[in-house]
Amino acid sequence: MLKKFFENVKNPKNNFGGRFMVKGMNIGHEKLAKWGRSFLNIKTSDAVLDLGCGGGRNVQYFLTKAKKVYGMDYSKTSVDIASSVNSEAIRDGRCKIIEADVAKLPFEDESINIVTAFETIYFWKNIEVSFREIHRVLVEDGQFLICNEGAYREHKNIKKWADMLDFEVYSPEYLTETLNKIGFKSEYHLDEKDHIVFLARKL
């Protein structure tokens, strides 16, 4: 039963556990997300896309900086909660929350200035295909930010969750190689707890 509850981390369901998990992420991930967001250069004219938007907290933040913000998640529960959190901006036409798959982004080529992925690439089924889609929708020199609590699977806290939920923890070396191969120039930053931020720019 405990494992079933925590599977809501991967794909929150429309039940008490799923809704509780999504709303909790808005609070629990904020310190990490704030650190990650500090690496971005956001202009008021930018269009921002937050992948795996969860409860919509990062979307809410980006709306204070950019003219147009999209949130996307493959969990309908997350989409519903993120839409509620950002309902005013949605009514004003500045925000749209979409249920979709990162491997097939519903955006035109070179239509997005910044793409972000907070605590979500662990769950992507084909990371190279997804990275290519992100590269496609970004404008030239567009920014792609990855922010993860764990840089290495061997970290005891990360390994416990990865084993329980069967998700992938990509090493900094693998991410660097994959991003560069696709056509990004990337750099990464680690803090004292091995939290990691990747900032990649489309060449």
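Is Arg136 buried, partly exposed or exposed, and what is its relative accessible area? Arg136 is partly exposed, with a relative accessible area of 24%; here buried means under 20% relative accessible area, exposed over 50%, and partly exposed in between, with a 1.4 Å probe and protein chains only.

The structure is a predicted model, in which local features need pLDDT of at least 70 and side-chain atom pairs count only at pLDDT 80 or more, while totals for chains, interfaces and linings use all residues. Residues are numbered from 1 along each chain as its sequence is written, and side-chain values use heavy atoms, with hydrogens and water left out.

The structure holds 9 salt bridges, a salt bridge being a side-chain nitrogen of Lys or Arg within 4 Å of a carboxyl oxygen of Asp or Glu. Arg136 pairs in this way with Glu133, the closest N and O atoms being 2.8 Å apart. Both residues belong to helix α7 and stand 3 residues apart, so about one helical turn separates them. Helices (H or I, at least four residues) and strands (E, at least two) are DSSP runs, numbered from the N terminus. Glu133 counts as buried, at 14% relative accessibility.

A further salt bridge joins Arg57 to Glu30, with 3.4 Å between the closest N and O atoms. Arg57 lies in helix α4 (residues 57-62) and Glu30 in helix α3 (residues 30-37), so parts 27 residues apart in sequence are tied together by the pair. Glu30, Arg37 and Arg57 are linked in a network of salt bridges. Glu110 and Lys202 also meet through their side chains in a salt bridge (3.8 Å, N to O). This pair links distant parts of the chain, with Glu110 in the loop between β3 (95-99) and β4 and Lys202 in strand β7, 92 residues apart. Lys202 is buried, at a relative accessible area of 8%.

The largest nonpolar core has 31 residues, of which Phe131, Ile134 and Phe144 touch the most other members. Such a core is a set of buried Ala, Val, Leu, Ile, Met, Phe, Trp, Tyr and Cys residues joined through side-chain atoms within 4.5 Å. Its largest share, 4 residues, comes from α7. Neighbours within four places in sequence aside, Phe131 is in contact (heavy atoms within 4.5 Å) with residues including Trp124, Phe144, Leu175 and Phe184.

Thr116 is placed in strand β4 (residues 112-118) and is buried, with a relative accessible area of 0%. Residues up to four places away in sequence not counted, Thr116 touches Leu40, Leu49, Asp50, Leu51, Phe62 and Leu145.
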